Amino acid sequence: MTPLFAQIVSTKKPDGKTYKYLHIVESYREGGTVKKRRVASLGNISQYSEREIEQIIRTLESLLQHRTTGSIDDLETHRVLQFGVPYVVQFLWNQLGLSEAIRHALKDREVTFDVARYVQAMVIHRLVDPSSKLRLFQTLDDLYLPDAGSEPWQLRHFYRALDYLMDIKPQLERALYSRLTDLLNFKLSLVLYDLTSTHLYGHECPLGEHGYSRTHRPDLEQVELGLLVTPEGIPITHEVFAGNVSDKETVPDILTRLKEQFSVEQCVFVGDRGMVTEKNMALMAEAGFPYIVGFHKRGRIVSDRLLEEFADLANYVQLKDNLYYLEVPRNRVEDDEKSDGVRYILCYNPEKAAHDAAFRESAMAETEAGLLALAERLMQTRRGRKPTNKGVMLKVADLLTKKGVEAFFHVDYQDGVLTYARDEGALAKEALRDGKFLIRTNTTFPAGDVVLSYKTLMGIERAFRQIKNFLDVGPVYHWNEKRVRGHIFVCVLAYLFEQEMQVLYRRQWQREAEAVRAIEDEKERDREQAELDQRWYSGEAIVRELRRWQAVHATFLGKEFLSVTKASERVRSIVASLGIPMPSKTIWVSESGRVQKMD
């Protein structure tokens, strides 16, 4: 069969005009030379409109058994897929070598399905639409999963994957830690640890216990989640404890794991006041870990005497706009821990102080309104038994304790008359506590560095908020202990990817900020800085932007493909900052239905 093709031939006429003729040309070989001859001429195409030319093409195509071009009517769309989050997570997943790590850890087990495939799908789903395994199974076709293979998904394998994941948790955490230290180029010199809870439904999980509920559901059993992270918020390891465990009881396990599982010999342990016990301090010293711990403003160690003695803010050093500090002599602190090298740093946050004062004033005003209403009711004449002193004071106590202001009022009830007044002395003492907290450390760091290190502990609190709210860890519906642990492990892995995105993005942002600071022209520098400030994203914001990036599964002339929608400028900036290449606009789908990546 000799190939035919269209050819446009331009001819200049004596009148000076150029005419274009459309010919159907056949190529053939004569000896060793390839020649062409005209099979047909379709005339001067300059006289035809674009629409008329398209009609000619369609007429010719009607002679063909298999069409090669088509119109918009030949495009058939099937569904829209979540593309942005899966695309980025799979790139980072492969960088970390997670599939290989999971398969290697399970190589000696008789596993009948690809655990890595199921774990990856669950992690992506946590970031895209945190919900049940059943919902994930029902909506798998709405996710871009090119690495998923061609084996049909099975719901039971999602639950079994949680079991296998917990079997290899130590090996997988070590592999991730090793790979992340290489990719993100960090050396662990500071670790932050905190604890939170998530509640369970049902009473079958052995870990489920009633305890201090941070989710404000004391009626439900819960489990405790301890998370150890780097200063940038990258999770190193986590542990799930029984729901009634106290913060201080979890520290020994975490310290042992840090030293034995991750071979960390020297780093500073940063924790909150709940971790502070003499036993834990001794364990840290034995492990060779210096510590930085904080104390709440109402704690015994943060005494009235201490706050009164160091009330003059003019003596404090300004660290940032919203943070001041003062290192105080250890003999001024009422602390049983007086070992050598212990230091105390009193900190003040004016923004928090304003918030504390406003919150207290609001509580005082609401309580006064309640006391006034009670006093007016008592003054009204009524039939029946008169209120007793005890009964009235119980009502007063209820009003005061409900708002936590029982220490700030003088209240008296005599002869049917209720009187009350603010205790200005107590209020003045309480005002000294506004925005204050105390840090204890045995490090030799400069005081400013100690304060900043403790301040980064708030990053863990943010991590917990994101794991519980953004990734929706709880409530947990699993009843099997292993699967409760596995579910939480998947959530922590999802948070790891969200946090890695943030770290990579922020590092690139900071490099750009340094370049902006080097601009000499002040107006241009301010303009560039303002533009850069608009692109300061948290990990949560990055994931939110990526969720908006989609792909369309469609068919055109019998061929299946994914058409990646145009990425917004924000998404393009994020992807570039993460060091990830933009995908092809079109991604083919094979006859088996499997997505085929295009280079």
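Reader: Which residues line the second largest cavity?

Author: On a 1 Å grid over the protein atoms alone, a cavity is a set of points where a 1.4 Å probe fits but cannot get out, and lining residues have an atom within 4 Å of a point. Here the second largest cavity is lined by Met122, His125, Arg126, Ser131, Ser132, Lys133 and Leu136. Two elements give two or more residues each to this lining, helix H4 (115–128) and helix H5 (133–138). The largest share, three residues, comes from H4. Helices (H or I, at least four residues) and strands (E, at least two) are DSSP runs, numbered from the N terminus.

Author: A word on the source: this is a predicted model, in which local features need pLDDT of at least 70 and side-chain atom pairs count only at pLDDT 80 or more, while totals for chains, interfaces and linings use all residues. Residues are numbered from 1 along each chain as its sequence is written, and side-chain values use heavy atoms, with hydrogens and water left out.

Reader: How many residues of each class are in that lining, nonpolar, polar and charged?

Author: Ala, Val, Leu, Ile, Met, Phe, Trp, Tyr, Cys and Pro count as nonpolar, Asp, Glu, Lys and Arg as charged, and the others, Gly among them, as polar. The lining of the second largest cavity has two nonpolar, three polar and two charged residues.

Reader: What volume does the largest cavity have?

Author: Grid points are joined across faces, edges and corners, and a volume is the space filled by probe spheres set on the points. For the largest cavity the volume is about 120 Å³. Of its 15 lining residues, Leu176, Pro235, Ile236, Thr237 and Leu496 are the closest to the centre. Helix H7 (169–183), strand S7 (235–242) and helix H16 (481–517) each supply at least two residues of this lining. By class, the lining of the largest cavity has eleven nonpolar, three polar and one charged residues. The second largest cavity holds about 40 Å³ of space.

Reader: Which residues of helix H6 are buried?

Author: Buried means under 20% relative accessible area, exposed over 50%, and partly exposed in between (1.4 Å probe, protein chains only). In helix H6 (residues 155–167) the buried residues are His157, Phe158, Ala161, Leu162, Asp163, Tyr164, Leu165 and Met166. These buried residues of H6 pack against H4, H5, H7 and H16, where contact means heavy atoms within 4.5 Å. Across the chain of 599 residues, 45% count as buried.

Reader: Is aspartate 415 buried or exposed, and where is its place?

Author: Aspartate 415 is exposed, because its relative accessible area is 77%. Its place is in the loop between strand S13 (409–414) and strand S14 (417–422). The phi of aspartate 415 is near 55 degrees, a positive value in a residue other than glycine.

Reader: Why does serine 362 count as partly exposed?

Author: Serine 362 counts as partly exposed because its relative accessibility is 37%. Serine 362 is found in helix H11 (residues 350–379). Between serine 362 and lysine 403 there are 41 residues in sequence and 9.4 Å in space, C-alpha to C-alpha.

Reader: How many disulfides does the count give?

Author: A disulfide is a covalent bond between the sulfur atoms of two cysteines. The rule asks for a pair of cysteine sulfur atoms within 2.5 Å, and by this rule the count comes to zero. Cysteine 347 counts as buried, at 0% relative accessibility. Cysteine 491 also counts as buried, at 0%.

Notes
1 Å grid on protein atoms, 1.4 Å probe; cavity = no way out; pocket = protein on both sides within 12 Å on 5 of 7 lines; lining within 4 Å.
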